Amino acid sequence: MRRIHPYAEDDPDIAAAYAYPRDHWLRLNMVASADGAAWVEGHSEGLSGRADKRIFGLLRGLADVVLAGAATVRTEGYRPARPRESWRAPREGRPPVPPIAVVTRLLDLDLGGPLFTEAEPYARTIVITTEAAPKERRDEAADKAVLIVAGEDRVDLATAVEELRGLGLGRILCEGGPRINAQLAAAGLVDELALTVSPLLAGGDAARILDGVASRTPLTLAQVLEEDGFLFCRYLREAHDDAAG
Ligand SMILES: NC(=O)c1ccc[n+]([C@@H]2O[C@H](COP(=O)([O-])OP(=O)(O)OC[C@H]3O[C@@H](n4cnc5c(N)ncnc54)[C@H](OP(=O)(O)O)[C@@H]3O)[C@@H](O)[C@H]2O)c1
């Protein structure tokens, strides 16, 4: 791994390179092909590589909570995060792993599956849903997870972020997918984009990393790392470019 922007450096300290600038901060972490596809054959796996997985893991280790849309949780088969030796230092004073928080309206989640049954008590999975979610499923989710109701018909993502902060989970890592990302950006909630550009053309009709309502969030390119042709770009919302160091 080498840093190529804003200065050249071999073997940079990647934990320092991705340190959260503030306690209340929402980082999107996404991988895209060189032509902008957010998935290949329905999954992000085909876009990833060794270094991307390393950074993906590190970013989880730095976060208070991992936020994801229900489609991502379903298609990528989310399970609770597992403690890693390398997380010990960055997580000092915090639980060994961040909980996973899932945004869903339908609550079409496997509530008997590992994401709910294998989460440690200190990192119970969080379900963020709406008043309109089926009542029975909501009651069941409240049994198996920490339940947050943040909106009537749709989850209001600003309310959801406030609720997470209220639980002491201010450093939020959103792992997508594109439909959640578009809503976060439109609500002005994205402080940072950690984007891996994969050296691959994918074509097809995959979404881009934001899919849905149009919005405009000017960004500053704070950092670029490179390994094996993969680019790891760290963009900050322009208002935050003071946090670039
Ligand atoms: N390239 C990458 O880095 C990356 C990262 C993540 C995912 N992906 C790929 O992206 C795809 C999934 O992403 P996606 O954009 O289709 O979906 P998504 O954003 O992961 O999830 C969409 C789902 O989230 C729930 N949701 C979204 N907004 C909501 C709101 N305001 N209120 C209530 N519920 C809401 C709904 O769940 P319910 O249907 O349960 O109501 C909706 O169906 C997969 O193919 C995955 O592999 C790629």
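**Notebook: ligand, pockets and backbone**

The model is predicted, with local features needing pLDDT of at least 70 and side-chain atom pairs counting only at pLDDT 80 or more, while totals for chains, interfaces and linings use all residues. Residues are numbered from 1 along each chain as its sequence is written, and side-chain values use heavy atoms, with hydrogens and water left out.

I listed 26 residues around the ligand, the closest being Val31, Ala38, Thr72, Glu76 and Thr104, where a residue is near if one of its heavy atoms lies within 4 Å.

**Pockets**

Next I turned to pockets, and noted the rule before the values: on a 1 Å grid over the protein atoms alone, a pocket is an open set of points with protein on both sides within 12 Å along at least five of seven lines, a cavity is a set of points where a 1.4 Å probe fits but cannot get out, and lining residues have an atom within 4 Å of a point. Grid points are joined across faces, edges and corners, and a volume is the space filled by probe spheres set on the points.

The largest pocket has a volume of about 1200 Å³. Of its 45 lining residues, Gly69, Ala71, Thr72, Glu175 and Gly177 are closest to its centre. Helix H3 (70-75) is among the elements that supply at least two lining residues each, and H3 gives the most, with five; helices here are DSSP runs of H or I with at least four residues, and strands are runs of E with at least two, numbered from the N terminus. By class I read 17 nonpolar, 12 polar and 16 charged residues in this lining, with Ala, Val, Leu, Ile, Met, Phe, Trp, Tyr, Cys and Pro counted as nonpolar, Asp, Glu, Lys and Arg as charged, and the others, Gly among them, as polar.

The second largest pocket has a volume of about 390 Å³, and its lining of 18 residues has Ala185, Leu193, Arg208, Ile209 and Leu210 nearest the centre. I counted its classes as 12 nonpolar, four polar and two charged.

**Cavity**

I found one cavity of 30 Å³ or more, and about 50 Å³ of space lies in the largest cavity. Its lining includes Pro80, Arg82, Ile100 and Glu118.

**Backbone**

Most residues other than glycine have a negative phi, and most peptide bonds are trans. I noted a cis peptide bond between Gly176 and Gly177, with omega about 5 degrees, and Gly177 is placed in the loop between strand S8 (171-174) and H7. Another cis bond joins His5 and Pro6, with omega about 10 degrees. Leu107 has a positive phi near 60 degrees and is found in the loop between strand S5 (100-103) and helix H4 (114-117).
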